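Here's a quick briefing to read alongside the model. Have the viewer open and follow along.

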Amino acid sequence: MRRLVTTSLLILAAAFIAGPSLGAARVGEPAPAFTGTDTRGRTHTLDGYKGKWVVLEWHNEGCPYVVKHYDTGNMQKLQKKATGDGVVWLTIISSAPGQQGHQTADSANAYFARHEAAPTAVLLDPTGTIGRAYDAKTTPHMYIIDPEGRLVYNGALDDKPTTDKADVPGATNYVANALAEALAGKAITTAATKPYGCAVKYATGTEND
């Protein structure tokens, strides 16, 4: 029984360290336009946030790598800091219906409230349209878009591709550092890294793993 449980957890945790994105979202180029509906029924477009810094966070509530950052409050702390600085933070769920990590609007609202998360909005992307446009590979997979609509960061949240919560305090947080540099008017030192986590659970036949 113990072996079965361990095996199941390993399957669920299936680490996915992706190589550099070959999709449409390339650092230094215009970020792909998108339209999405959030868990409150509101419509969001990238064009609607022109003039603002935007963070995109791909999310799966059952992914152990995401759990690590939410159970420790690491992601929520970064969300609060960013939105407090005027950054738009969009958390995106691209798990398809029937796939692990899929959420309804109600279940997502309850989940994020329970975790005291603080994104600007949570977008539901069950068709994977936004995820595919950005070539989002993992949860979490992070992107930063500048006020002119250019992608300026694509990659991991930090430099510790593990599920160990003890790794959080000593990690180099790429997104926090990139936002700090960007908001200070400086060039982003590390603009692209390898995302890690669970493969995004796109609709059958299009899963990105």
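Predicted model: local features only at pLDDT ≥ 70, side-chain atom pairs only at ≥ 80, totals over all residues.

Residues are numbered from 1 along each chain as its sequence is written, and side-chain values use heavy atoms, with hydrogens and water left out. The chain has six helices and ten strands; helices (H or I, at least four residues) and strands (E, at least two) are DSSP runs, numbered from the N terminus.

**Chain overview**

- Of the 209 residues in the chain, 50% are buried; here buried means under 20% relative accessible area, exposed over 50%, and partly exposed in between (1.4 Å probe, protein chains only).
- Among contacts (heavy atoms within 4.5 Å) between residues at least 6 apart in sequence, 75% join residues at least 24 apart.

- Seven strands make an open sheet with mixed pairing, in the order E3-E2-E6-E5-E4-E8-E9; two strands pair if DSSP finds at least two bridges between them.
- At the edges sit strand E3 (43-45) and strand E9 (151-155), each pairing on one side only.
- From one strand to the next, the twist averages 30°; axes are lines fitted to C-alpha atoms, for helices over the stretch in contact, and angles run from 0 to 180 degrees between N-to-C directions.
- Strand E8 (residues 142-145) pairs with E9 in the antiparallel sense, over four bridges, and Ile144 stands opposite Tyr153 in E9.
- Helix H6 (residues 174-183) packs on the sheet, where it touches strand E4 (54-58), E8 and E9. The direction of H6 makes about 5° with that of E8.

- E5 pairs with E4 in the parallel sense over five bridges, with Val55 opposite Trp89.
- E5 also runs parallel to E6, joined by four bridges; in this pairing Ile93 stands opposite Leu124.

**The disulfide**

- A disulfide is taken as a pair of cysteine sulfur atoms within 2.5 Å, and by this rule the count comes to one.
- The partners are Cys63 and Cys198, with sulfur atoms 2.2 Å apart, and both residues are buried.
- The torsion about the S-S bond of Cys63 and Cys198 is about 90°, so the disulfide is right-handed.
- This pair links distant parts of the chain, 135 residues apart: Cys63 is in the loop between E4 and helix H2 (64-71), and Cys198 is in strand E10 (residues 196-199).

**Gln103**

- Look for Gln103 in the loop between strand E5 (88-93) and helix H4 (105-114).
- Gln103 counts as buried because its relative accessibility is 6%.
- The Gln103 side chain reaches the backbone nitrogen of Ala108 at 3.2 Å.
- Leaving aside neighbours within four places in sequence, Gln103 is in contact with Glu61, Ile93, Ala108, Tyr111 and Leu124.

- Thr139 and Pro140 are joined by a cis peptide bond, with omega about -5°; Pro140 is in the loop between strand E7 (138-139) and E8.
- Glu116 has a positive phi of about 50° although it is not a glycine. Glu116 lies in the loop between H4 and strand E6 (121-124), and is exposed, with a relative accessible area of 55%.
- Asp135, another residue other than glycine, has a positive phi near 60°. Asp135 is found in the loop between helix H5 (129-134) and E7, and counts as buried at 12% relative accessibility.

Notes
Polar contact = N/O pair within 3.5 Å; in protein donor to acceptor, adjacent residues only side chain to side chain.
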